[in-house]
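Here are my notes, as promised, for you to read alongside the model.

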Amino acid sequence: MSLFDQVSKDIIAAMKAKDKVRLEALRNIKKYFIEAKTAPGANDTLADDAALKILAKLAKQGRDTAALYREQNRPDLAEEEEQQAAVIESYLPKALTPEELEAEVKAIIAEVGATSPKEMGKVMGVASKRLAGRADGKAISELVKRLLAQ
């Protein structure tokens, strides 16, 4: 079952359970999925890897928004954003630990044959695709920079 179908099914379950937070988060996800499916060149399809990128982006936006609300002393809004981000994150693959991330990045560097910071682009291209949804892009970038500088 594709992520799109799973989200559609879970919307119905959330309606039956009268789970407002989950329902709102799932409807938001589906809205972005439909926009991606109907984008020019999408041929009315949405691959799971593209769906994972959308989910990762939405989860990050939710966490960032919650942090902003906390800074502005609005814990009520922050809590709602965090709950919705948690729903979105439940569809993402398990995040890599820092140790697992470092091992993956080292393997990619060896695979690509990069030896200097000038070759960061090659490594990031492969790492971004392979680690999509399992690690934050910023964390990947910082780790690649650090490892190539050694």
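1. Start with the pair glutamate 89 and arginine 63: in this predicted model, their side chains meet in a salt bridge, 2.3 Å from N to O. By salt bridge I mean a side-chain nitrogen of Lys or Arg within 4 Å of a carboxyl oxygen of Asp or Glu. Glutamate 89 sits in helix H4 and arginine 63 in helix H3, so this pair links distant parts of the chain, 26 residues apart. Both ends are partly exposed: glutamate 89 has a relative accessible area of 30%, and arginine 63 has 41%. Here, buried means under 20% relative accessible area, exposed means over 50%, and partly exposed is in between (1.4 Å probe, protein chains only).

2. Next, have a look at glutamate 102 and arginine 146, whose side chains also form a salt bridge, at 3.6 Å from N to O. Glutamate 102 is in helix H5 (residues 98–112) and arginine 146 in helix H7 (residues 137–149), so the pair ties together parts of the chain 44 residues apart in sequence. Glutamate 102 counts as partly exposed at 24% relative accessibility, and so does arginine 146 at 40%.

3. Lysine 122 and glutamate 119 give another salt bridge, with 3.3 Å from N to O. Lysine 122 is partly exposed, at 46% relative accessible area. A search of the whole structure finds eight salt bridges.

4. On charge overall, the protein chain carries 25 positive and 24 negative side chains, and the centres of the two sets are 3 Å apart. Lys and Arg count as positive, Asp and Glu as negative, while His and the chain ends are left out. Each charge is placed at NZ of Lys, CZ of Arg, CG of Asp or CD of Glu.

5. Most residues other than glycine have a negative phi. Aspartate 44 isn't a glycine, yet its phi is positive, at about 55°. You'll find aspartate 44 in the loop between helix H2 (20–37) and helix H3 (48–71), and it is exposed, with a relative accessible area of 53%.

6. Where is asparagine 73? Look in the loop between H3 and helix H4 (75–89). Asparagine 73 also has a positive phi, about 60°, without being a glycine. Its relative accessible area is 63%, which makes it exposed.

7. As for the fold, the protein chain has seven helices and zero strands, and from the N terminus on the elements run α-α-α-α-α-α-α. Helices (H or I, at least four residues) and strands (E, at least two) are DSSP runs, numbered from the N terminus. The C-alpha atoms fill a box of roughly 55 × 45 × 25 Å along the principal axes.

8. Taking contacts between residues at least 6 apart in sequence, 57% join residues at least 24 apart; a contact means heavy atoms within 4.5 Å. The chain exposes about 9300 Å², and carbon and sulfur atoms supply 54% of that area. Accessible areas come from the Shrake-Rupley method with a 1.4 Å probe, and for residues only the protein chains shown count as cover.

9. Some housekeeping on the numbers. Residues are numbered from 1 along each chain as its sequence is written, and side-chain values use heavy atoms, with hydrogens and water left out. Local features need pLDDT of at least 70 and side-chain atom pairs count only at pLDDT 80 or more, whereas totals for chains, interfaces and linings use all residues.
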